[in-house]
Amino acid sequence: MEKIPTTTLAKYISLASIGTLVEWYDLFVVGVAASLIWPTLFYPTGIGAAALAASISTYGSIFFTRPIGAIIFGHFGDKIGRKTMLIWTLLLSSVGMIGMALTPPFVSIGLLAPILILIFRLIQGIGLGGEYGGAATILIEYTAKTNKRAYYSSFLQATVPLGALFAILGLFLGRTYMTAAEFATIGWRILLGIGAVALIIGGFIRYVLMESPLFQELLKKKEIERSPVTTVLKERWKAIFLLGLSWAYIVTIFAIIYFPTGLSYMAALKIPLGIVYSGLFAGAIGV
């Protein structure tokens, strides 16, 4: 079996994982904003629960465009190349994050505010939809000639709690050194901006350093699938359906019901955010 230098392998794993890390960083930052800040910032005053429901729905809308992104970037990743698509996934995701961070409040632009937030969230979902699958694929292809490709590709999933840790740390520091009003006005926007900058830098580094040697071999041999999406849906639709269902409970229970709906419930109970963040931080470390 082929042995890959440790430094080179670490470089590939880091570059492949940056999108997943920022994805889960974003999940927590936007989750907090959607449950505690957006209802009064981007929606009319006086509608209470309706604003909260609309805000959390906007937060969750990302899960509707992620499959679209997976199809688009998966298809062209199999035809054009992994690196090109993995650059675009990061850049498109950063557009969504920057757009949300720069959206003016309802008092400034009225109903355009919640519309823009929704549009940018949907755009971000398309980018992130192609990120995880593409990153896992390029890691597996890069380590295909070793006997540890499953082990090496598992490092991608290990960045999930790391992204959560960074987000919780940023949220904690923001609430520690800013007033509640300052954090609601600018603090969460800064945190989103930091994530977007990380994605842009990661995209440029991927352009310089990443490539899938296995895909390059297929390209030279002209063994590229003519219609990847059609082929996989025709031959593997049952596996795709079952795999999708296997993740449905995570999206439903954790990403929607527990977080951020749970945050808004804890806020209604007047539980100090320091305690909430400490619990989330400890949970992320445990994972």
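In this predicted model, Ile68, Ile72, Phe76 and Ile80 make up a nonpolar surface patch with about 340 Å² of accessible area together. Patches here take residues with over 30% relative accessible area and no salt bridge, joining nonpolar side chains (Val, Leu, Ile, Met, Phe, Trp, Tyr) within 5 Å and like charges within 9 Å. The areas themselves come from the Shrake-Rupley method with a 1.4 Å probe, and for residues only the protein chains shown count as cover. Ile72 sits in helix 4 (residues 62–79); helices are DSSP runs of H or I with at least four residues, strands are E runs of at least two, and both are numbered from the N terminus. Ile72 counts as partly exposed because its relative accessibility is 36%, given that buried means under 20% relative accessible area, exposed means over 50%, and partly exposed is in between (1.4 Å probe, protein chains only). As a bit of background, an α-helix has 3.6 residues a turn, so residues three or four places apart point the same way.

A few bookkeeping points come next. Residues are numbered from 1 along each chain as its sequence is written, and side-chain values use heavy atoms, with hydrogens and water left out. Since the model is predicted, local features need pLDDT of at least 70 and side-chain atom pairs count only at pLDDT 80 or more, while totals for chains, interfaces and linings use all residues.

Moving inside, the largest nonpolar core has 38 residues, and Phe28, Trp38, Phe42, Trp188 and Leu192 are the ones that touch the most other members. A core of this kind is a set of buried Ala, Val, Leu, Ile, Met, Phe, Trp, Tyr and Cys residues joined through side-chain atoms within 4.5 Å. Two or more residues each are supplied by helix 1 (6–36), helix 2 (38–41), helix 3, helix 5 (82–102), helix 7 (112–129), helix 9 (149–177) and helix 10 (180–209). Helix 1 gives the largest share, at 12 residues. Apart from this core lies another, of 13 residues, including Ile4, Leu9, Ala136 and Leu139.

Ser55, Thr58 and Tyr59 are among the buried residues of helix 3, along with Ala51, Ile56 and Gly60. Helix 3 (residues 49–60) has 12 residues and reaches 16 Å from first to last C-alpha, close to the 16 Å expected at 1.5 Å a residue; the expected span is 1.5 Å times one less than the number of residues. Thr40, over in helix 2, counts as exposed because its relative accessibility is 67%. Thr40 and Ser55 are 15 residues apart in sequence, with their C-alphas 9.5 Å apart in space.

Then there are the charges. The count comes to 5 salt bridges, each requiring a side-chain nitrogen of Lys or Arg within 4 Å of a carboxyl oxygen of Asp or Glu. One of them joins the side chains of Glu23 and Arg66 at 2.5 Å, N to O. Glu23 lies in helix 1 and Arg66 in helix 4, so this pair ties together parts that are 43 residues apart in sequence. Glu23 counts as buried because its relative accessibility is 11%.

Another salt bridge pairs Arg206 with Glu131, the closest N and O atoms being 2.7 Å apart. This pair links distant parts of the chain, with Arg206 in helix 10 and Glu131 in helix 8 (residues 131–142), 75 residues apart. Both partners are buried: Arg206 has 0% relative accessibility, and Glu131 has 1%.

Asp78, Arg82 and Glu141 are linked in a salt-bridge network. Within it, the closest N and O atoms of Arg82 and Asp78 are 2.3 Å apart. Arg82 is buried at a relative accessible area of 10%, whereas Asp78 is partly exposed at 29%. Glu141 belongs to helix 8 and is buried, with a relative accessible area of 10%. Glu141 and Arg82 are 59 residues apart in sequence and 9.8 Å apart in space, C-alpha to C-alpha. Leaving aside neighbours within four places in sequence, Glu141 is in contact with Arg82, Ser212, Leu214 and Phe215.

Finally, Pro272 lies in the loop between helix 12 (228–268) and helix 13 (273–286). Pro272 counts as partly exposed because its relative accessibility is 46%.

Definitions and conventions: Contact means heavy atoms within 4.5 Å.
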